[in-house]
Amino acid sequence: MKRAVFLDRDGVLTRALIRDGQAHAPVTPAEMEIDADAPAALARLKAAGFLLVVVTNQPDVARGIIRREDVESMHATLRAALPLDACFVCYHDDGDGCDCRKPRPGMLLQAAQERAIDLAASFMVGDRWRDVDAGAAAGCRTVWIDRGYRERAPDHMPDARVESLRAARSGLWGTEVVRPRFLIYLRTKPISRLFT
Ligand SMILES: [Mg+2]
Ligand SMILES: [Zn+2]
């Protein structure tokens, strides 16, 4: 069984696009910007033996805001730049009642089945309540990059809530909240390091 880090896309691997306090997905490939910290962070995780699996909701496809080909093109760009092992995408919206749209854990469960992932030894990293709740529903430990969006908090208490370098450095996460032997550093935007 392998360990994985499940990664949300927007606001985690890519720069958060925030309007009126709300997170938005890029609507053209040109608008998607890979976060400057992501390559080093993922290389570190990869070296620590984690499978790196993107799990992303892209409801703008169902809403007619972006074409599916453009989302696929963005993911080709991500996979070329980052050491990702797999990328799972939910193209549905709430009304579709699918099993894959986070906070449902369908994408994580499917990945676990296909790749023999030990969910209890794995992590979900995301910037919204949907990510944390999906990770918890799958039985993973969860890291919430809390960017202060104007929206509800997760139902499940994240194992780590990261908002500043100072908080991460306090050692709180490393020794008490995120067990065992995990430290998470936040630089200015997303995780810059997550390692054993
Ligand atoms: Mg996000
Ligand atoms: Zn779905």
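These are my notebook entries on a predicted model of one protein chain.

**Ground rules.** I number residues from 1 along each chain as its sequence is written, and chains are lettered from A and ligands numbered from 1 in the order in which they are written. Since the model is predicted, I note that local features need pLDDT of at least 70 and side-chain atom pairs count only at pLDDT 80 or more, whereas totals for chains, interfaces and linings use all residues.

**Overall.** I looked up the secondary structure and found six helices and ten strands, where helices (H or I, at least four residues) and strands (E, at least two) are DSSP runs numbered from the N terminus. Of the 196 residues in the chain, 39% are buried; a residue is buried if 20 or more other C-beta atoms, placed from the backbone, lie within 10 Å of its own, exposed if 12 or fewer, and partly exposed in between.

**The sheet.** I traced an open sheet of six strands in the order β5-β4-β1-β6-β7-β8, with parallel pairing; two strands pair if DSSP finds at least two bridges between them. β5 (86–90) and β8 (160–162) stand at the edges with a single partner strand each, so one side of each is left without a neighbour in the sheet. On average, neighbouring strands are turned by 20° against each other, direction ignored. Strand β1 (residues 4–7) is joined to β4 by four bridges, and Leu7 stands opposite Val54 in β4.

**Helix α3.** Helix α3 (residues 106–115) packs on this sheet, where I see it touching β1, β4, β5 and β6 (123–126), and its direction makes about 145° with that of β5. For such angles, axes are lines fitted to C-alpha atoms, for helices over the stretch in contact, and the values run from 0 to 180 degrees between N-to-C directions. I then picked out Ala112 in α3, which counts as buried because it has 23 C-beta neighbours inside 10 Å. Leaving aside neighbours within four places in sequence, Ala112 is in contact with Ile117 and Leu119, contact meaning C-beta atoms, placed from the backbone, within 7 Å. The C-alpha atoms of Ala112 and Met1 are separated by 9.3 Å, although the two residues are 111 apart along the chain.

**Strand β7.** I checked strand β7 (residues 141–145) and found five of its five residues buried: Arg141, Val143 and Ile145 lie on one side, and Thr142 and Trp144 on the other. Four bridges join β6 to β7, and three join β7 to β8. Trp144 is the bridge partner of Gly126 and also stands opposite Arg161 in β8.

**The core.** The largest nonpolar core has 44 residues, and those with the most contacts inside it are Val5, Phe6, Leu7, Val53 and Leu108. Such a core is a set of buried Ala, Val, Leu, Ile, Met, Phe, Trp, Tyr and Cys residues joined through C-beta atoms within 7 Å. Its largest share, five residues, comes from strand β4 (residues 51–57).

**Helix α1.** In helix α1 (residues 38–47) I listed Ala38, Ala41, Leu42 and Leu45 as the buried residues. Ala40 and Ala47, on the other side of α1, are exposed. After α1 comes Gly49, whose phi is positive, near 95°.

Technical notes
Two residues are in contact if their C-beta atoms, placed from the backbone, lie within 7 Å.
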